[in-house]
Amino acid sequence: MISIWELETFYSKRDIIIIGAGFSGLWTAVSIKEKYPEKSVLIIERNAVPLGASTRNAGFACFGSLTEVIADAQKMGWEKTLDLVAMRFNGLQKIREYFKSDEIDFELSGGYEILNNEEPLQHLDIVNEKLRSVTGLEKTYHLKQDKIEEFGLGKSKFLIENICEGSLHSGKLLQKLLEKCHELKVSFLFGTAVENIDENPDEVLVHLSEGLSVKTDQLIYCTNAFSSKFLEKEEIIPARGQILLTEPIENLKLKGSFHYDEGFYYFRNLGNRVLLGGGRNQDFKTEETTTFETTEFLQNHLENFLKEVILPDHEYKIALRWSGIMAMGSEKTPIIKQLSEKQFCAVRLSGMGVALAPKIGEIVVEMI
């Protein structure tokens, strides 16, 4: 049973309820409160801390690698691709406007892509030309052969540098966003699962576990890969990303964030340790899951990649292994839309949530 005190505070009716306290949910709350400070906003999160992809990623401030942009343009056309790149580019700028680099370990140390064939290089000029309208740079992507040796990547043929990309500490960014939400008087219910939703002409009733419920005028789903329960008609394919982290390595040469194979592999230095993730294209079906675990097959595959490509001349030990759940679709454009009179969603961030979420919040505000 519930007390009158709880009923009139924690479970009282709100103007807006957001489900999900990851990057999308938090940036959406910040955008709403900045535009409509008088509105009451509640975020409901089923875990004790935000999980999913936000605290389980590789900490990339992602702009997109050369082969990824080429593949996107071939699949979606240049207009959609450039819109998406602009969203990521502007999202990263917004993160830097809101938070000091040392608060979130933000480093614009450059992004690199390893290539083992020449074909993508033939697209370099056209991609740079197209991206000029987004980045304002003469050349967004450069060929940087001299850095192959500098970073100890002996087995790599070509290295492309992208100065718009960097890395950050996802946990610290989430903490800063939570602080910002508290400052703006956003309320939270952590460790609370949403069972189902009823919408009627007057309000939306959000049914929680243990027979509790809370009412709202408008509801926004920011549940990314975990949205299929609520949004059955949308194309949302969960994609698990497995990651490993080494113990500290003496004389580590690696510096920056790196992509390989259209971004299916991604690695970076975390101080003097190497963080490596990806490889789900080796086992797509198994990795289409919302289960947080690692598999022996993919972890062995990643270790092999670590040994052959990243650290061919080093001894190392693995310190940590984990996984996060992203949301994918047949194309990379996020799903941001009105679902009914009072319900909205901002989901399917295709593994680019860090960079996309700040701008997604702005788009959602215009819709409500």
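This note goes through the overall build of a predicted model and then one group of its aromatic rings.

1. Basis. The model is predicted, with local features needing pLDDT of at least 70 and side-chain atom pairs counting only at pLDDT 80 or more, while totals for chains, interfaces and linings use all residues. Residues are numbered from 1 along each chain as its sequence is written, and side-chain values use heavy atoms, without hydrogens and water.

2. Secondary structure. The protein has 10 helices and 18 strands. Both are DSSP runs numbered from the N terminus: helices are H or I with at least four residues, strands are E with at least two.

3. Overall dimensions. The radius of gyration is 21 Å, which agrees with the value near 21 Å for a compact globule of 368 residues. That radius is taken over C-alpha atoms, and the globule rule is 2.2 Å times the number of residues to the power 0.38. The C-alpha trace spans about 65 × 45 × 40 Å along its principal axes.

4. Of the 368 residues, 54% are buried (under 20% relative accessible area, 1.4 Å probe, protein chains only). Contacts are heavy atoms within 4.5 Å. Among those between residues at least 6 apart in sequence, 74% join residues at least 24 apart.

5. Charge. There are 42 positive and 55 negative side chains, and the centres of the two sets lie 2 Å apart. Lys and Arg count as positive, Asp and Glu as negative; His and the chain ends are not counted. Each charge is placed at NZ of Lys, CZ of Arg, CG of Asp or CD of Glu.

6. Aromatic pairs. The whole structure holds 18 aromatic pairs. Rings of Phe, Tyr and Trp (its six-membered ring) pair if their centres lie within 6.5 Å; planes under 30 degrees apart are stacked, over 60 edge-to-face, and the rest tilted. Tyr260 and Phe305 form a tilted pair, with centres 5.2 Å apart and planes at 55°. Tyr260 is in strand 13 (residues 257–260) and Phe305 in helix 9 (residues 296–310), 45 residues apart.

7. A second partner. Phe305 is buried at 8% relative accessible area. Its ring centre lies 6.1 Å from that of Phe267, with planes at 65°, so this pair is edge-to-face. Phe267 belongs to strand 14 (residues 265–270), so the pair ties helix 9 to a part 38 residues away in sequence. Phe267 is buried, at 0% relative accessibility.

8. The cluster. Tyr112, Phe151, Phe258, Tyr260, Tyr265, Phe267 and Phe305 make up one aromatic cluster.

Methods: Buried means under 20% relative accessible area, exposed over 50%, partly exposed in between (1.4 Å probe, protein chains only).
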